[in-house]
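Student: Can we go through the charged side chains in this one? I'd like to start with what the words mean.

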Amino acid sequence: MSGAPTPADFGWSGPVLLPDLWDQLTEPDAIVTFSALAYARMRTQEAAVRGEARAAEAALRRKFIEQEGPIQNASYGRNLLGGCAVTERTQRIGGRDVTVRRLHSVLNTDVPVLVELEAKCAALADDAITAFCARSGLERQMRTSTDQIYSAMTRVLRAADELAAGAVDGARRKDLLAMATNEYAHARRQVNAAIQRQSRLTYFEGALWGSLGTIALCALLGAASAQWWSSAVRTPAFVAAIVFGALGAVASVSQRISTGRLVLDFTVPRWQMITLGALRPVIGAVFGAVAHFGLAGGVFSAGGGADEAAAVGLSAVIGFAAGFTERLATDMIERAGRVAFGDTPDPATDPDPPARSARQR
C-alpha cells in the first residue's frame, strides 16, 4: 500500500524476521492486542531476533497505550507466551468523562485448571467494569477490584510459567495449582462482596425514594377515604395499615441487606435497580391494605368491634407484618387479632399453638 508505514518508521532498519508483529503496526486499521505485546516480549529472549523484537515491542506498546490508556501494572511469562496488564484511561460515556480500568491477559498453557482460572479472572474483571464503571464516585472501588483480580492473575501466570519450565514434581504442581485457585477464590469473594454492597445501596436508595412516594400516595388515599368511604372504612386504621406496610417492606430490605441475603443482578442499569427497589414499599402498602381489609372483614378472627385507638394500633402492626414478609403475614395477623380481642386458641382448630411456633422459629 502506497504511503503505508514500514518497520523503519518505527526504528527498525534491519531484516524483517518477525512480520506478524510489524503487521499490527504497518496496517492503518490494525488493533494492537495485548497478546502481540506479550509475544514481542517473549521473543526478546532470543538472541537472533532480540534487537528487532525490542524495537517492535516498544512500537507496539506505544500504540497499545494510545488505544487502551497507560499501563498501570504488567507482568510477563519467561517460559511461555503469557502475561497480564492493567490499563486505565478516560473516555466519554453518556455525555461525561468516565475512568475505565481494564485487565488484559494472555496465557498459552496446556494446564486446564490455569486456562479456566485465566478465563474466570477476565470475566470477573468485566463484572467489576459493569458494576463500577460509568457510575460517579466509584473509581476507587473499580481500581481496588481490578488490582485484586490482577494479583490473582499474576499468581495464575507464575504457576503456568513455573510448570512450563519443567522439572516440577507432583507435589509442587499440586501446590502451584492450589495457590492459584485460592488466590482467585479470594479475589472473587472480595470483588463480589464489593459489587453486591454497591448494588444493595442502590437498591435501598430506591426503596427509600419509593417509601416517600408511597407515603404521599397514602395521604391521598386517606383523604379520599375520609371524603367518600368513611361509612365503610375506618380511615385512620386504613392509613396506618398501608403506611406501616410500606415501612415494613423497607425494614425487610434493610434486614436482608444487613444479613447479606439480598443478592442482586448488578448487570441491570442503575435506574432499573432503583425502580425495582422503589416498588418494594408499594408492594408492602398493598399487602398492608389487604391485611387491613381482611382484619376489618373478620377474615382473621379479629372482628371490627375494637375502639378507634385499638383499631389503628392493630392495623399498624398487621400492616408492618404484611409489608415485612408476606409469607408470614397471615399467621401473624391471626395471632395479633387473638391477642387484641382476647380470643383463646382452640387446640382442635389451632395445630400450631404459640409455644410450639416459637420453638420452630
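Tutor: Start with accessibility: buried means under 20% relative accessible area, exposed means over 50%, and partly exposed is in between. Keep in mind that this is a predicted model.

Student: OK, so is Lys120 buried, exposed or partly exposed?

Tutor: Lys120 has 33% relative accessibility, so it counts as partly exposed.

Student: And which side chain does Lys120 meet in a salt bridge?

Tutor: That of Glu116, at 3.2 Å from N to O. Glu116 is partly exposed too, because its relative accessible area is 43%.

Student: Where do Glu116 and Lys120 lie?

Tutor: Both are in helix 4, residues 112-132. They are 4 residues apart, which is about one turn of the helix.

Student: Switching topic. How many salt bridges are there?

Tutor: The count comes to 9. One of them joins Glu88 and Arg101, with the closest N and O atoms 2.6 Å apart. This pair links distant parts of the chain: Glu88 sits in strand 2 (residues 82-93) and Arg101 in strand 3 (residues 96-107), 13 residues apart.

Student: Are Glu88 and Arg101 buried or exposed?

Tutor: Both are buried.

Student: Which residues are linked with Glu88 and Arg101 in a network of salt bridges?

Tutor: Arg143 and Asp147.

Student: One more. What does Arg43 form a salt bridge with?

Tutor: With Glu46, and the closest N and O atoms are 2.8 Å apart. Arg43 has a relative accessible area of 15%, so it is buried. Glu46, at 34%, is partly exposed.

Note on methods
Residues are numbered from 1 along each chain as its sequence is written. This is a predicted model: local features need pLDDT of at least 70, side-chain atom pairs count only at pLDDT 80 or more; totals for chains, interfaces and linings use all residues. Side-chain values use heavy atoms; hydrogens and water are left out. A salt bridge is a side-chain nitrogen of Lys or Arg within 4 Å of a carboxyl oxygen of Asp or Glu. Buried means under 20% relative accessible area, exposed over 50%, partly exposed in between (1.4 Å probe, protein chains only). Helices (H or I, at least four residues) and strands (E, at least two) are DSSP runs, numbered from the N terminus.
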